[in-house]
Amino acid sequence: MRRGIAATALVATLALAATACGGDSGDSGEKKSSGKLSGTVTWWDTSTVGSEDKVFKKLAEGFEKKHPDVDVKYVNVPFGEAQNKFKNAAQSGSGAPDVIRAEVAWTPQFADLGYLAPLDGTTALKNEKDFLGQAAASTKYNGKTYAVPQVIDSMGLFYNEKIFKDAGVKVPRTIDELKSVSKKIKDKTGKTGLYLRGDDAYWFLSFLYGEGGDLVDAKKKTVTVDQEPGVKALKVVKDLVDSGAAKTDATDGWENMQASFKDGKAAMMINGPWAVADTFAGKEFKDKANLGITTVPAGSAGQGAPQGGHNLAVYAGSKNLDASYAFSEYMTSATSQALIAKELNLLPTRTSVYSQPDVSGNHIVGFFKPVVDKAVERPWIPETGSLFEPLKTEYTKVLTGQTTPEKGAKATGDSYRKLLKGWK
Amino acid sequence: MAVHTSQSVAKAAGDNVARGRSRGAGKPPGRFRRAVSVHWYAWTMIAPVVIVIGVIIGYPLGRGIYLSMTDANERNVERSIGVNHLPATYKFVGLDNYTDALTGNQFLSTLGWTLVWTVSCVSVTFVLGLTLANMLNRRIAGRSAYRMMLILPWAVPGFVSVFAWRFLYNEDRGLLNKLLAGGGIDAVPWLNDPTWAKFAVIVVNVWLGVPFMMVALLGGLQSIPGELYEAAEMDGASAWQRFRHITMPGLRSVSSTVVLLSTIWTFNMFPVIFLLTRGGPGEATQILVTQAYKFSFEISPRDFAMSSTWGVLILILLMVFAAVYRRALRKQGEVW
């Protein structure tokens, strides 16, 4: 009798453990063959919270009106975490969204890892020829298209017109001018000249390009970051910080930069169109005319700004591929892009949108379009997204005096060679 | 241990089962089989625990050790993406990862700072905890209120306090620099300068660790009989002599335990470093665990092999430390 109880207890325990592990059969998105879309589309948006996200969320909800049977789940994932979060979810095969707003460099990387669904021939790429060639470049990998370009961008020098007037200075065109302007601003108004992000290597690129350098040369399969221009560029940023022309940081760079620029504590920052909506929310820029934007200061080899942007990519494991394709198409359609340009000053990726009156009249779009046209494209190889982490570490080390520009450049180059097997 | 498990039932069960099982082979059952047949009831009862522990500790540990001897990374491990299933293609590479880690300078330099971090955190926490415990062990007005306040850092979730400190440390907008500015001192780049950042992370960890140290030592202090102090006072021992010869030996069993625990925790104190500086600026505050995390989550392609190698090395280091520490204590006559 007693043994009977024990055995029953054991069986019950094991059964309980077994059911706890199993389960989760998942809701296989009911797909009807009638061609009417239904199910759920989860979208991970990575736009700036507090300004951009509101517009994107509203736009995404518009898709539900067009397709009443589709439920769009909007999730804002902070840009800094999205790449890792998506990789974790996609690798384990659960929890990944159907559609993700992926930075241009992430796209070939995700595609290489097998996480993205190829979009050729699907509704997602409707009117494909309309996309700017530059924007479409990052969506291709191994002869297939893995994403739809949503916005394109580059960087410029943002400045505070009022502070410039108070200090009696003109807009700097070169790095030497930037230094003298900064000094005058400091002397006359006591404010910081330039706020330079020290915790993100993307903000270093315009200096690198300005000296004629680049991270890698994909055609020649050569690492170029540790060549002469790379070292020079690191020296330039270090000198800006050491001379007091620029203020930098190693933590919370984005928040600190935006806060000090928005509050009028710093007169200049290097930033892109994605920062415009947030900047206008600051008290210094209630009067929008106070925000001046110009091209990034030129280095010894000329001006250079990186080309960036975001694509919409569909997760290969999505249970609702058809709805996801349609959603990506909707979010990147000419109408949606015109709205985004109008509300957020972000640059469309479709040629046709630029001729619409709302867009052509937008002076921020008008300013950035020629900058984007001239912007330096990064090599769209799977490793592009991996190039920043080692550079970021060394860049911060140089700025905080833990290493020299020469050693920093060399260390970055060495880790690139480890990453890119067989490159020179 | 097996002998003590509910004699009567085991015996009764043992008799039955032994008789029932003796089919076929005529030779007497081996030791293992006899143990199983006698104590099957006990084994059944602990089976769920053994299985659960095996699954949640044993499996990851074994898997980690295995991965550290392969070249597994994000691109060659097994993946299932929707309907696609990509098989694993990584290879066994033996001890290559360990040679790489131990001959390169990254591991050793990170280990260096990790040791500095651990030793300084533990020693400062211990001294502060001991001082506060001694202060609170006297009869002073509002003693329980002070105790509550000093335990507060412990009650707040770790990440909340770390984020609070991060706000305090902010160079432009942080409270600390505003206070300093009030005193006419220039802003300190708390988290932006390698030396200050090291100082800053240690301060936060000490702040988080003192309550535990204090409570544990206070408990120890209260277990020292008051007569000892009275007797010493009669003999004319000074305050320092009483502290040195009564308090310290009386606290030994408590303090040796808390120091060991605190060392292990601090060595692996991930949240403070990760949330405060992410190991930066540069790599200035990177400790072994945060670097291991970086290998498998921050760089891409994620290097699972190197990450597990560092994890195994951390485990070995801590095991060696615990063994040496225990031996040292035993030499001092500590039963532990």
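This note walks through a predicted model of a two-chain complex, point by point.

1. **Ground rules.** Residues count from 1 along each chain as its sequence is written, while chains are lettered from A and ligands numbered from 1 in the order in which they are written. Because the model is predicted, local features need pLDDT of at least 70 and side-chain atom pairs count only at pLDDT 80 or more, with totals for chains, interfaces and linings using all residues; side-chain values use heavy atoms, leaving out hydrogens and water.

2. **Confidence in the complex.** Chain A has a mean pLDDT of 86, with 92% of its residues at 70 or more. In chain B the average is 85, and 89% of the residues score at least 70.

3. **Where to be careful.** Over residues 1-34 of chain A, pLDDT stays under 50, and the model has 14 contacts beyond four places in sequence for them. Chain B has such a stretch at residues 1-23, where pLDDT is also under 50 and the model shows 16 contacts beyond four places in sequence. A contact here means heavy atoms within 4.5 Å.

4. **Chain A as a whole.** How many helices and strands does chain A have? There are 17 helices and 14 strands, where helices (H or I, at least four residues) and strands (E, at least two) are DSSP runs numbered from the N terminus. The radius of gyration of chain A is 24 Å, close to the 22 Å that the globule rule gives for 424 residues, so chain A is as compact as a globular protein of that length. That radius is taken over C-alpha atoms, and the globule rule is 2.2 Å times the number of residues to the power 0.38. Along the principal axes, the C-alpha atoms fill a box of roughly 90 × 55 × 45 Å.

5. **Inside and surface of chain A.** Of the 424 residues in chain A, 59% are buried; buried means under 20% relative accessible area, exposed over 50%, and partly exposed in between (1.4 Å probe, protein chains only). Counting contacts between residues at least 6 apart in sequence, 75% join residues at least 24 apart. Chain A exposes about 17,500 Å², of which carbon and sulfur atoms supply 53%. Accessible areas come from the Shrake-Rupley method with a 1.4 Å probe, and for residues only the protein chains shown count as cover.

6. **Two loop residues in chain A.** Asn127(A) sits in the loop between helix H4 (106-112) and helix H5 (133-137). Its phi is near 55°, a positive value in a residue other than glycine, and at 52% relative accessibility Asn127(A) counts as exposed. Asp252(A), not a glycine either, has a positive phi of about 50°. You will find Asp252(A) in the loop between strand E11 (246-247) and helix H10 (253-262).

7. Strand E2 (residues 70-76) of chain A holds Lys73(A), which is partly exposed with a relative accessible area of 46%. Beyond four places in sequence, Lys73(A) touches Thr40(A), Val41(A), Thr42(A) and Trp43(A). Asp373(A) belongs to helix H15 (residues 363-374) and is partly exposed at 44% relative accessibility. Its C-alpha atom is separated by 16 Å from that of Ser355(A), 18 residues apart along the chain.

8. **Chain B as a whole.** Turning to chain B, the secondary structure comes to 13 helices and two strands. Buried residues make up 38% of its 336 residues. Among contacts between residues at least 6 apart in sequence, 67% join residues at least 24 apart. Chain B exposes about 19,100 Å², with carbon and sulfur atoms supplying 67% of that area.

9. Is Gly220(B) buried or exposed? At 2% relative accessibility, Gly220(B) counts as buried. Gly220(B) lies in helix H8 (residues 194-222) and, not counting residues up to four places away in sequence, touches Leu251(B) and Val254(B). Gly220(B) and Ser255(B) are 35 residues apart in sequence and 8.2 Å apart in space, C-alpha to C-alpha. Ser256(B), in helix H10 (residues 239-267), is buried with a relative accessible area of 6%. Leaving aside neighbours within four places in sequence, Ser256(B) is in contact with Tyr325(B) and Leu329(B).

Conventions. pLDDT = per-residue confidence, 0-100.
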